[in-house]
Amino acid sequence: MTAAPADFARARSEFLSIDTPRVEDGAAIWRIARDSEVLDLNSSYSYLLWCRDFAATSAVARGEDGEPIAFVTGYIRPDRPETLVVWQVAVDRAHRGKGLAATLLDALTARVAAERGLSCVETTITPDNTASDRLFTSYAQRHDVALEQEVLFDGGLFPEGTTHLPEVLYRIGPFAT
């Protein structure tokens with residue numbers, strides 16, 4: 001599984017590079033998540049930890065000044081070591097609408113596949129998040145793999161009760177090895 005060369009060429013024309021996050025990127029990633037106005041915002045501390053402990057399964061896109069302009073965070077499921085769970089994807093407002101999230105997701109999954117093998121990608125999306133639905137649906141189509149959906153966590157399980165929408169699991173794969 002690899003991202004198409006055209007994806008990387010397009011990506012390079014929009015920003016400087018894609019690489020793994022560093023601890024120093026935690027604050028910028030937190031700000032991008034906060035400013036998305038869609039993601040559940042975690043503590044700033046958790047983004048610092050994410051950049052330290054899950055850098056190998058996460059990616060950032062950097063602008064010309066080297067600062068993160070987009071990110072995708074993920075982790076390997078302990079009980080399914082060939083499954084990458086994508087936790088969050090966000091693009092700075094000034095860089096949206098250019099296909100950066102898709103390019104970043106392709107780059108991350110290509111890296112994880114090359115380094116450790118990858119049979120499946122999972123994420124959860126609330127029913128009102130059409131941008132994420134489009135991102136992951138098009139990802140499955142681009143890679144010509146199945147996409148299954150099922151409610152993973154009913155909204156009533158969250159402390160907010162009925163104000164939290166259900167989290168729908170998107171299971172994408174299996175990928176050809």
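In the predicted model, Arg 34 is partly exposed, with a relative accessible area of 38%. Arg 34 belongs to helix 2, which spans residues 26-36. The C-alpha atom of Arg 34 is separated by 9.8 Å from that of Ser 44, ten residues away along the chain.

The protein chain contains five helices and seven strands, arranged along the sequence as α-β-α-α-β-β-β-α-β-α-β-β. Of its 177 residues, 44% are buried. Where contacts in the protein chain link residues at least 6 apart in sequence, 65% of them are between residues at least 24 apart. The accessible surface of the protein chain is about 9400 Å², and carbon and sulfur atoms account for 54% of this area.

The largest nonpolar core comprises 30 residues, and the members that touch the most others are Val 72, Val 86, Phe 136 and Ile 172. At least two residues of this core come from each of strand 2 (59-62), strand 3 (68-77), strand 4 (80-91), helix 4 (100-116), strand 5 (120-125), helix 5 (130-142) and strand 7 (167-172). Helix 4 contributes the most, with eight residues. Beyond its neighbours within four places in sequence, Val 86 is in contact with Val 72, Thr 73, Gly 74, Leu 105, Val 121, Glu 122, Thr 123 and Phe 136. Another core, of eight residues, lies apart from the largest one and includes Ile 29, Ala 33, Cys 51 and Phe 71.

The largest pocket holds about 730 Å³ of space. Its lining consists of 27 residues, with Asp 40, Trp 87, Thr 124, Ile 125 and Glu 167 nearest the centre. Two or more lining residues are supplied by each of strand 3, strand 4, strand 5, helix 5, strand 6 (147-153) and strand 7. Strand 4 provides the largest share of this lining, five residues. By class, the lining of the largest pocket has 14 nonpolar, eight polar and five charged residues.

The second largest pocket has a volume of about 450 Å³. It is lined by 20 residues, of which Val 89, Val 91, Ala 101, Ala 131 and Ser 132 are the closest to its centre. Strand 4, helix 4 and helix 5 are the elements that give two or more residues to this lining, and the largest share, five residues, comes from helix 5. The lining of the second largest pocket divides into ten nonpolar, seven polar and three charged residues.

Some backbone features were also noted. Most residues other than glycine have a negative phi, and most peptide bonds are trans. Glu 37, which is not a glycine, has a positive phi of about 60 degrees. Glu 37 is found in the loop between helix 2 and helix 3 (44-53) and counts as exposed, at 66% relative accessibility. Asp 144 likewise has a positive phi, near 55 degrees. The position of Asp 144 is in the loop between helix 5 and strand 6, and Asp 144 is exposed, with a relative accessible area of 70%. The peptide bond that joins Gly 173 and Pro 174 is cis, with omega about 5 degrees. Pro 174 lies in the segment after strand 7.

Conventions
Residues numbered from 1 in each chain as written. Predicted model: local features only at pLDDT ≥ 70, side-chain atom pairs only at ≥ 80, totals over all residues. Heavy atoms only, no water. Helix = DSSP H or I, 4+ residues; strand = E, 2+ residues; numbered from the N terminus. Buried < 20%, exposed > 50% of the residue type's maximum accessible area, 1.4 Å probe, protein only. Contact = heavy atoms within 4.5 Å. Areas by Shrake-Rupley, 256 points an atom, 1.4 Å probe, with all protein chains shown as cover. Core = buried A, V, L, I, M, F, W, Y, C linked by side-chain atoms within 4.5 Å. 1 Å grid on protein atoms, 1.4 Å probe; cavity = no way out; pocket = protein on both sides within 12 Å on 5 of 7 lines; lining within 4 Å. Points joined across faces, edges and corners; volume = space filled by probe spheres on them. Nonpolar A, V, L, I, M, F, W, Y, C, P; charged D, E, K, R; others polar.
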